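Visitor: Could you pick one part of this model and walk me through it closely? I'd like the surroundings too, with the cut-offs spelled out as you go.

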Amino acid sequence: MFSRLSLILIGSAYIYYQVNAVGMVTITAPDDIVCYKSNHTLECTYEGTATSTGWKLIREHKHLELKNGTVVTLTKCHIDSKNSSCIAVKLKEVTGTGSGTYECEFTFGSVKHTAKAELNVALLPEEITMKIDPPVADCSDSNNLEVPVIVNVTATIQNSNESYNVSWQFPGAGLNKGSKPASEKCCAVHDNWPKTPEGGTVINQCENGKTGYKSRTCGKDGVWQTVFSSCISTELKKVIDAAEVFKTGIGATQEAAMWIFGSLKNTTSSESSDDYAGINASISIINIMASGSENITLKEEVFDDFLNVASNLLTNNWTGVNSSITYDMSSQYLYSVENLVKNIQVNNTLNIYKPNLDLKVSKGDCNISVFDVTVKLTETGGQFKTVGVRNLMDKLNNSFKPTSTVLHNLLLIVTKNSSSSTEITMDFPIKKLNNAQKLHCVFWDTNIKDWSETGCRVERDSNHSDGNHTLCKCNHLTSFAVLMSKSDTPNLDLDTITYVGLAVSICSLVILLIIEALVWSVVVKTDLSYFRHTALVNIAVFLLLADCSFLASMSPENLSAHWCLILTLCKHLFYLAMFSWMLCMSVMLTHRLIFVFSPLRKTVFMFLSSIVGYGCPVLIVGISYVYFRYNEKEYYNKKTCWLVFDGTLDGSLYAFLLPVGTVIFTNLFSMAVVIFTLLKSSAPDGSKSDERETFKSIIRVLIFLTPVFGVTWGIGFILQIFNKDHEAYPFLEYSFTIINSFQGFFVMLTGVFAEPKAELDPLAGHMFDTPGLDQLKNNRDLTAEI
């Protein structure tokens with residue numbers, strides 16, 4: 001073992017020392033040169049305990065700390081010894097940025113144990129510069145088709161020790177000799193743009209020390225179109241490269257983020273108003289950093305420079321490009337700024353004002369003012385970040401109302417660190433309009449890249465008698481009815497019902513499972529009671545998991561795409577598993593009623609139920625997910641964190657509706673068999689008292705079987721028939737939400753209060769405490785439980 005002792009003298013008070021030891025850590029890494037964009041894992045094992053661990057990449061005398069990113073994933077590896085530690089770094093599609101010496105470290109007190117390994121990547125050119133001379137075919141004599149065209153194409157790459165195989169492809173090389181040109185019209189020579197035939201595009205390298213290219217197309221009738229430029233300064237190009245590396249997780253430290261935003265602030269301060277390429281590149285950098293902040297922690301120190309950058313970009317007019325490009329830039333700007341604001345960590349409160357952005361971070365204060373707009377939140381706990389954004393509204397697309405006018409050029413971004421229900425009220429100083437005009441409270445929908453008023457409404461402020469204020473209220477939670485509806489329409493009342501219903505259901509199911517665990521040996525005395533309680537426990541477990549998953553996804557706007565997908569898969573799987581076990585219970589009951597003298601054996605029931613209850617849901621969810629990914633279709637909706645409806649029998653929602661519909665139809669048939677059997681058993685006597693008892697028995701059967709058979713979900717299929725504009729739709733939506741969000745409570749009642757009769761008379765049946773079934777037992781000599 002070798003060690004290196006570092007001594008640092010601080011003043012004259014004390015000496016701090018740290019021992020770097022090598023030889024006690026074993027590192028495993030690829031020995032040979034690895035392929036470009038291949039995946040690899042490096043592992044380090046230390047025979048001892050450590051208080052902290054970490055990885056670094058040493059390249060060009062720089063020690064770059066590794067964090068989780070798009071390329072780097074830090075994890076622990078499994079070892080058998082309890083007294084050893086093992087850490088690993090996974091590299092995904094490693095390129096030149098991941099080539100170098102990797103060092104792992106285990107620290108205990110002042111002693112640090114390290115090990116190093118070299119990773120050599122067989123590099124491919126990451127940047128190729130091509131030049132064509134002449135840049136376009138000569139159209140001075142379009143009638144002369146026999147003159148050969150000689151073009152010199154030069155490709156330039158960065159010098160390296162790698163050996164490359166170079167091949168050329170030219171799609172137009174197969175043109176027949178003598179083919180006529182598409183047009184004889186040409187664009188005349190203009191500045192550095194040569195004479196060009198109609199429809200041709202000329203590409204030139206950037207000048208004045210800038211990187212990138214610019215292009216120009218000869219349009220119809222020989223008229224030059226606008227120049228498209230991607231020319232940016234070398235300083236901005238360095239910032240882009242640094243942001244790309246930061247996102248990978250290599251050297252992704254707080255200091256690196258500070259340098260990126262600080263450099264970008266200086267660049268955006270000097271940009272001119274018509275520098276489209278620089279503005280677009282700056283927005284791309286913000287977007288890259290927003291993507292990196294999903295995995296890499298950014299602290300509040302970066303806020304000041306970041307907001308300076310965002311404010312500087314809005315000072316410019318974004319001229320020189322068409323409206324569609326401006327719309328895309330503004331949408332990306334808004335999406336990136338919102339995600340960065342949400343992901344940057346703030347310890348307490350914060351107040352930063354810039355010319356075009358006003359940030360307020362508060363804890364517990366539900367009244368915030370940004371610029372001249374007051375924001376109020378119904379929730380008083382947690383941390384809230386509110387940003388007012390000026391000079392962006394006119395750059396965003398506005399096809400929401402073709403005749404609408406923007407009355408307030410201020411856009412608000414509100415984020416919070418919890419997923420609980422919150423209604424946001426914004427007080428805009430807007431005067432009351434005349435009767436012919438109507439105000440709309442809208443939000444920017446990132447899925448459709450346009451304005452939407454879904455979940456928002458306009459209210460007059462009763463506290464201001466002058467009529468110069470307008471309240472805008474928004475809530476974008478997801479109600480329970482979205483599981484069976486074509487799309488989600490946020491509604492505060494439905495959201496509240498969903499929250500209350502799911503909370504009650506979750507508590508009820510936990511109580512039911514506890515009761516089942518306590519009384520299992522008492523109530524499970526026969527095969528049939530075992531069948532029923534096994535199915536009931538599985539129904540309760542999967543309904544509990546599904547409700548918890550739904551509760552976690554009720555605020556999709558606060559979830560990343562990764563978590564939204566996971567919760568969608570969980571809800572899809574757990575609800576299908578719940579219905580599968582409902583099917584097992586109904587089929588078991590039907591079999592018992594029809595085949596009285598051929599009871600199911602326990603092994604047969606458990607084998608078949610396991611296939612239906614566990615295997616089928618996993619198979620359906622897995623196949624549907626792979627199918628939609630393979631066909632490049634959307635499996636889930638990021639706006640609702642649920643499956644997608646694209647039309648009749650089109651969309652992933654049918655991977656849920658069709659299995660559920662099959663189960664409900666089968667369970668309805670089972671209920672019909674039970675009711676028919678009760679009616680048939682009471683027919684011989686025909687007395688009024690027996691008819692009354694039979695009627696009561698049928699009512700009890702419906703009450704006890706409906707929740708555990710999932711029949712109430714049939715309301716969701718009726719929702720598919722009606723449009724949202726139909727007068728019956730709200731009633732059905734409320735009915736579905738109320739009944740099915742409280743389903744766990746009804747299942748608990750079924751499991752607990754349907755049981756007492758069985759303890760007294762095991763032949764009467766666990767499912768129903770009814771004289772009708774007693775009579776059915778006597779008439780048909782049914783000597784087992786139903």
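Guide: Here's a close look at one part, followed by its setting in the chain.

A bit of housekeeping before we start. This is a predicted model, so local features need pLDDT of at least 70, side-chain atom pairs count only at pLDDT 80 or more, and totals for chains, interfaces and linings use all residues. Residues are numbered from 1 along each chain as its sequence is written, and side-chain values use heavy atoms, with hydrogens and water left out.

The part I've picked is the hairpin that β18 and β19 form, with three residues between them. Strands here are DSSP runs of E, at least two residues long, while helices are runs of H or I with at least four, and both are numbered from the N terminus. β18 covers 350–353 and β19 covers 357–363. The two run antiparallel and are joined by four bridges; two strands pair if DSSP finds at least two bridges between them.

K354 counts as buried because its relative accessibility is 11%. The scale goes like this: buried is under 20% relative accessible area, exposed is over 50%, and partly exposed is in between, using a 1.4 Å probe and protein chains only. The K354 side chain makes a polar contact with the side chain of D304, at 3.0 Å. Polar contacts are pairs of N or O atoms within 3.5 Å; within protein, one must be able to donate a hydrogen and the other to accept it, and residues adjacent in sequence count only if both atoms are side-chain atoms. If you skip neighbours within four places in sequence, K354 is in contact with D304, L307, N308, S311 and F371, where contact means heavy atoms within 4.5 Å.

Stepping along to β19, the strand is mostly covered, with six of its seven residues buried.

The chain has 16 helices and 30 strands, and of its 786 residues, 45% count as buried. Among contacts with a separation of 6 or more, 65% are between residues 24 or more positions apart.

On to the nonpolar cores. A core here is a set of buried Ala, Val, Leu, Ile, Met, Phe, Trp, Tyr and Cys residues joined through side-chain atoms within 4.5 Å. The largest one has 70 residues, and Y575, M578, F579, M585, F656, L705 and W713 touch the most other members. Helix α8 (residues 561–594) supplies the largest share of this core, 16 residues. Take F579: setting aside residues up to four places away in sequence, it touches V660, V663, I664, G710 and W713. Apart from that core lies another, of 54 residues, and V309, A310, V346 and V361 are among them. As background, nonpolar side chains tend to be buried together in soluble globular proteins.

E60, in the loop between β5 (52–59) and β6 (62–65), has a phi near 55 degrees, a positive value in a residue other than glycine. C641, in the loop between β29 (636–637) and β30 (642–643), also has a phi near 55 degrees. E60 is exposed, with a relative accessible area of 65%, whereas C641 counts as buried at 0%.

pLDDT is the predictor's confidence in each residue, from 0 to 100. The chain averages 80, and 80% of the residues score at least 70. Confidence is highest in helix α1 (residues 234–248), at a mean of 94, and lowest in strand β1 (residues 2–10), at 38. Residues 175–180 have pLDDT below 50, and that stretch has three contacts in the model beyond near neighbours in sequence. Residues 756–786 are also below 50, yet have 70 such contacts. Where pLDDT is low, the predicted coordinates should not be read in detail.
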